[in-house]
Amino acid sequence: MSDVLAGDGAALAQRPQQSAGTRAARGLPAVSQYAVSLLLVGAATVLAFVVKNLIAAPNLTLIFVLPVVIAGVAFGWGPSLAAVILGVLAFDFFFTVPYYSLRIATPSDIWAAGLLLVVAAITTTAAAQSRRRAVEAALAAERAEALQKLAQVVIAARPQPEVLQAAAETLHRIFAAPVVIFLRGAGPLRQAASAGGPQVTPQDEAAAAAALSDRLHVRAETYPFDQSAFEYWPVSTASDTGCVIGVGFKRATVERPERPERFVDVVSAYLAVALESGARRGARLH
């Protein structure tokens, strides 16, 4: 289970019940992140102008390391690297002779600009790695919480529709993708639960039926279900109850994980337990 919870560093769907750590990990849109990095470099430039008469030019480079650290911790590698490049250009343009030019005339200024580039690049790498670890920890905690809530529903022996809906919401929370669960009891296959607003077509239903009858994993947009937008996994049960989980990675807000079955298998196990338990209770009643 710990291997499942570690998971991929992909971001999750933004939901009201998400933890503050996960919301912080998601951060701003990419364009806004780069814009904030630009503003941070601008603020560092203004600060450098304020203190340039108090300290030597080589020491001014330390001021331009600050935006790199902040951008790296808050946003990751890309915006932090942008802060490195912009910081070096700003230092060269405003604080080296000749001023307001990208040419550097003195060896000391060349050394200062080169040192800024090296220090900022090292800081960028360290800050980006730190943020990546923080994001992965937040995502793992979020996934653990989602699976724990599903386990609580199953252990509490809640009604079958509630368990199915909890399973759909759990996977939607993990994959940030539409999720649909089909169920076949005494009658035909029917949609029993969903999350994330899935748009299910007849082709999707046919793919789900094939996954259940063949007991095989069916990928989206593959022959003979080229128009199906969902990836399906059958849920193995000992009774005649048939259940299929579908995830619409094509409409996900993040990329499809490399091994989504790690999470689907856990949810399938919970569903199998709940369905078997419900089947046994029904048999006793009759």
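# Close-up views of the chain

**View 1. Helices H3 and H6 cross in a right-handed sense.** A crossing is right-handed if the near helix is turned clockwise from the far one by less than a right angle, and left-handed if anticlockwise. The model is a predicted one, in which local features need pLDDT of at least 70 and side-chain atom pairs count only at pLDDT 80 or more, while totals for chains, interfaces and linings use all residues. Residue numbers run from 1 along each chain as its sequence is written, and side-chain values rest on heavy atoms, with hydrogens and water left out. Helix H3 spans residues 30-51 and helix H6 residues 77-95, and the two pack at an angle of about 30° with their axes 9 Å apart. H3 is therefore roughly parallel to H6 (roughly parallel is under 35 degrees, roughly antiparallel over 145, roughly perpendicular 65 to 115, and the rest oblique). Axes are lines fitted to C-alpha atoms, for helices over the stretch in contact, with angles from 0 to 180 degrees between N-to-C directions. On the H3 side, the residues that meet H6 are Gln-33, Tyr-34, Ser-37, Leu-38, Val-41, Thr-45, Ala-48 and Phe-49; on the H6 side, their partners are Gly-78, Pro-79, Ala-82, Ala-83, Leu-86, Gly-87, Ala-90, Phe-94 and Phe-95. The residues of this contact of H3 with H6 comprise twelve nonpolar, five polar and no charged. Contact means heavy atoms within 4.5 Å, and Ala, Val, Leu, Ile, Met, Phe, Trp, Tyr, Cys and Pro count as nonpolar, Asp, Glu, Lys and Arg as charged, and the others, Gly among them, as polar.

**View 2. Helix H5 (residues 65-75) and H6 have axes that come within 7 Å and cross at roughly 170°.** At that angle, H5 is roughly antiparallel to H6. Pro-67, Val-68, Ala-71, Gly-72 and Phe-75 of H5 meet Trp-77, Pro-79, Ser-80, Ala-83 and Val-84 of H6. This contact of H5 with H6 involves eight nonpolar and two polar residues, with no charged ones.

**View 3. H3 also packs with H5, at an angle of about 160° and with the axes 9 Å apart.** The two helices H3 and H5 are therefore roughly antiparallel to each other, and H3 passes H5 in a right-handed crossing. From H3, the residues Gln-33, Val-36, Ser-37, Leu-40, Val-41 and Ala-44 meet Pro-67, Ile-70, Ala-71 and Phe-75 of H5. The contact of H3 with H5 divides into eight nonpolar, two polar and no charged residues.

**View 4. The loop between helix H9 (202-214) and strand E3 (231-235) holds Pro-224.** The peptide bond that leads from Tyr-223 to Pro-224 is cis, with omega near 5°. Glu-221 is found in the loop between H9 and E3 as well, and its phi is near 55°, a positive value in a residue other than glycine. As background, most residues other than glycine have a negative phi, and most peptide bonds are trans. Glu-221 counts as partly exposed, at 44% relative accessibility (buried is under 20% relative accessible area, exposed over 50%, partly exposed in between, with a 1.4 Å probe and protein chains only).

**View 5. Ala-157 lies in the loop between helix H7 (107-155) and helix H8 (160-175).** Although Ala-157 is not a glycine, its phi is positive, at about 55°. Ala-157 is partly exposed, with a relative accessible area of 45%.

**View 6. Phe-182 has its place in strand E1 (residues 179-184).** With a relative accessible area of 2%, Phe-182 is buried. Leaving aside residues up to four places away in sequence, Phe-182 touches Leu-189, Arg-190, Gln-191, Ala-192, Val-200, Glu-205, Ala-208, Tyr-232, Gly-242, Cys-243 and Val-244. Phe-182 and Ala-209, 27 residues apart in sequence, are 8.7 Å apart in space from C-alpha to C-alpha.

**View 7. Ser-277 is located in helix H10 (residues 261-285).** Ser-277 is partly exposed, with a relative accessible area of 21%. Ser-277 and Val-154 are 123 residues apart in sequence, while in space their C-alpha atoms are 9.6 Å apart.

**View 8. The secondary structure of the chain amounts to ten helices and four strands.** Helices (H or I, at least four residues) and strands (E, at least two) are DSSP runs numbered from the N terminus. Along the sequence, these elements follow the pattern α-α-α-α-α-α-α-α-β-β-α-β-β-α. Of the 286 residues of the chain, 43% count as buried, and among contacts between residues at least 6 apart in sequence, 60% join residues at least 24 apart.
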